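This note is intended for a colleague who is meeting the structure for the first time. Please keep the sequence and the model open while reading.

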Amino acid sequence: MTTMTSWTIANSRKLARQERRRRMGPLALLTHLALLLWTVLTVVPILWTFLASVKSEDEIFGAAWSLPATLRWDNFARAWDQVHIGQYFLNSVIVVAFSVTGTMLLGAMAAYVLARYPFRGNRAVYLLFVSGLAFPVYLALTPLFFVVQNMGNVPLIGPFIGLNTHAGLVLVYIAYSMPFTVFFLAAFFRTLPTAVGEAAMVDGASHTRVFFQIMLPMARPGLVSITIFNVLGQWNQYQLPLVLLQERDKWVLTQGIADISTAAGYDADWAALFAALTLAILPMLIVYTVFQRQIQSGLTMGALK
Amino acid sequence: MFNTYRRGLFITAFLAAPVTLYLVYVISPYIQAFYIATTDWRGVSATPNFIGLDNFVRLFSDGIFWKAVTHNAALLVLLPLFTIVIALFFAFLLNVGSGGRGVAGVPGSKVYRVVFFFPQVLAVTVVAVLFQQVFRPDDSGMLNGPLMALGLSPISFLSDPGIAFWSVLGVMVWQAVGFYVVLFSAGLASIPRDMFEAAAIDGAGRVSLFFRITLPLLWDTVQVAWVYLGILALDVFAIVWVMTDQQGGPDYSTTVMATEIYRNAFEYFRFGYASALGVVMFFFTIGFAILSLRLSRRERIEY
């Protein structure tokens with residue numbers, strides 16, 4: 001009896017599978033072909049770069065799809081040291097670590113006050129922040145250069161926040177991340193219940209304490225999304241450092257990568273270029289694979305608001 | 001009374017730093033830009049003189065400026081068009097139109113979504129350098145290698161003025177599609193399944209399922225996508241500056257407003273002229289924003 005049942009189940013599964021396959025007509029085949037085509041288009045340029053990163057200079061200038069005779073791992077060593085990718089990478093990490101922390105702290109503070117405390121001028125301040133979403137950054141580029149240059153003349157702290165300083169770039173990143181961060185977090189704080197905070201206030205907690213110990217933990221999902229958004233946005237930023245960091249040893253990763261191919265000219269180390277590209281892509285690939293769900297929702301959440 | 005005081009203090013303390021930073025680094029440069037646009041400021045040490053609208057007059061008779069505007073305008077139409085059509089197609093296949101009778105997505109749709117989205121997390125500069133290599137003009141190029149192996153003549157993706165613009169557009173679409181596949185998938189997920197199933201039972205094929213159900217219900221998301229991609233098209237800089245020959249060439253065939261602003265300001269040191277260009281760009285962006293807000297006022301389908 002039991003064998004009979006299991007046989008029937010197995011058989012019906014098989015039939016179902018056959019049925020499904022029968023229905024997968026030419027249309028379904030085309031569907032898969034289309035999806036596969038785009039997968040190939042997405043993956044192949046990246047894989048090709050990885051492949052070229054272990055080729056020798058001659059092989060890179062030979063047939064595009066030839067395999068390397070030996071794997072040249074020394075390309076990576078040269079990219080790291082001589083092309084200074086290691087230095088640029090470290091610079092990017094330092095800048096983004098500080099700027100995202102600052103962006104989230106200041107952005108959350110401003111958004112919370114604007115979302116929860118009605119006062120005269122509240123709406124005006126909010127609109128001032130949000131209006132920044134519509135301005136093209138290129139309009140501000142020239143004056144921004146001089147603003148940061150003048151910051152360098154401020155007594156005492158000037159040398160740390162002028163042109164060619166990481167702290168200066170951090171402040172600029174924070175300021176330019178405010179519109180989106182405030183816009184999104186203010187909307188998020190408005191959706192949170194007020195009762196918990198009020199209860200804590202009755203128990204004698206200060207406004208500041210309510211913010212840090214009650215509201216911030218409650219706003220976690222929103223904070224995570226916007227943090228991801230800001231990390232990617234600031235990590236990938238090219239325009240602002242291009243204007244504000246002109247000394248090579250201060251450069252961030254995007255500047256370093258762009259420079260290898262634009263300025264290097266004839267004596268460029270092409271093998272190291274591919275290794276450098278690989279070094280820039282791989283960490284993103286790893287981070288993306290681990291956090292892909294959060295990254296996808298973090299980046300698309302803002303658009304759906 | 002004391003409570004009101006404490007509340008005021010709290011508000012001030014929390015707003016002071018963000019507002020100050022924002023005023024110094026964002027608002028003040030924008031305001032200064034409008035003033036600088038009316039001067040002949042050149043070079044770091046020179047003193048600016050007020051010249052009224054002369055920069056704008058010169059701008060409008062500048063052939064390169066018009067080339068840049070034309071390219072931005074072409075991107076404004078073509079980038080959203082291609083990206084949205086391709087992304088809608090894939091989002092539909094992944095979520096609704098699996099081919100079989102039911103209304104399920106293709107098997108493995110999650111994997112496809114993860115792969116498609118990946119280019120979005122790469123820096124534009126990385127993508128630009130990568131495709132500069134992919135587009136190499138000889139048989140060492142990823143695309144020209146196979147073409148030449150087949151006996152075809154190589155394509156000058158970046159060195160032919162007639163083709164370079166399309167290469168730029170292609171790379172931008174390549175990078176953007178995955179994001180919009182995910183965005184549209186999220187939109188599709190919020191449409192009740194029964195809607196598709198009811199239509200399918202009533203005999204709707206995949207084509208009418210797409211045009212009669214999917215597209216109307218996703219229309220809001222499509223409009224959001226259009227605005228985002230439009231702004232991306234107006235703001236494009238790094239892909240042109242890093243990937244193309246002569247940073248916007250060959251022969252200005254790929255140049256855009258942002259690259260001309262940067263070139264004028266930081267290579268020719270024509271600060272006034274660059275700012276005037278920036279002001280024009282500002283009005284284009286605002287104009288586009290207002291236009292898209294106007295056009296998107298449309299009755300929402302409730303479900």
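1. Basis and numbering. This is a predicted model, in which local features need pLDDT of at least 70, side-chain atom pairs count only at pLDDT 80 or more, and totals for chains, interfaces and linings use all residues. Residues are numbered from 1 along each chain as its sequence is written, while chains are lettered from A and ligands numbered from 1 in the order in which they are written.

2. Confidence. The model scores ipTM 0.83 and pTM 0.84. Among the elements of chain B, the highest mean pLDDT, 90, belongs to helix 3 (residues 63-95), and the lowest, 77, to helix 8 (residues 193-201).

3. Chain B. The chain has 12 helices and 0 strands; helices (H or I, at least four residues) and strands (E, at least two) are DSSP runs, numbered from the N terminus. The radius of gyration of chain B is 24 Å, well over the 19 Å that the globule rule gives for 303 residues, so chain B is more spread out than a compact globule. That radius is taken over C-alpha atoms, and the globule rule is 2.2 Å times the number of residues to the power 0.38. Along the principal axes, the C-alpha atoms of chain B fill a box of roughly 80 × 75 × 30 Å.

4. Chain A. Its secondary structure comes to 15 helices and 0 strands. Of the 305 residues in chain A, 42% are buried, and for chain B the share is 44% of 303 residues. A residue is buried if 20 or more other C-beta atoms lie within 10 Å of its own, exposed if 12 or fewer, and partly exposed in between, with C-beta atoms placed from the backbone. In helix 12 of chain A, the buried residues include A:Gly222, A:Ile226, A:Phe229 and A:Trp235.

5. Contact between the chains. Two residues are in contact if their C-beta atoms, placed from the backbone, lie within 7 Å. Chain B contributes 78 residues and chain A 75 residues. Helix 1 (residues 2-36) of chain B gives the most to the side of chain B that touches chain A, with 20 residues. By class, that side of chain B has 59 nonpolar, 14 polar and 5 charged residues. Here Ala, Val, Leu, Ile, Met, Phe, Trp, Tyr, Cys and Pro count as nonpolar, Asp, Glu, Lys and Arg as charged, and the others, Gly among them, as polar.

6. Nonpolar core. Which residues touch the most other members of the largest nonpolar core? They are A:Ala276 and B:Ile239, in a core of 171 residues. Such a core is a set of buried Ala, Val, Leu, Ile, Met, Phe, Trp, Tyr and Cys residues joined through C-beta atoms within 7 Å. Helix 9 (residues 166-191) of chain A gives the most to this core, with 17 residues. Leaving aside neighbours within four places in sequence, the contacts of B:Ile239 include B:Val124, B:Ala128 and B:Met172.

7. Most residues other than glycine have a negative phi. Phi of B:Tyr252, however, is positive, near 60°. B:Tyr252 lies in the loop between helix 10 (238-243) and helix 11 (257-266) of chain B. B:Phe269, also not a glycine, has a positive phi of about 55°, and is found in the loop between helix 11 and helix 12 (271-295) of chain B. B:Tyr252 is partly exposed, with 19 other C-beta atoms within 10 Å; B:Phe269 is partly exposed, with 15.

Methods: pLDDT = per-residue confidence, 0-100.
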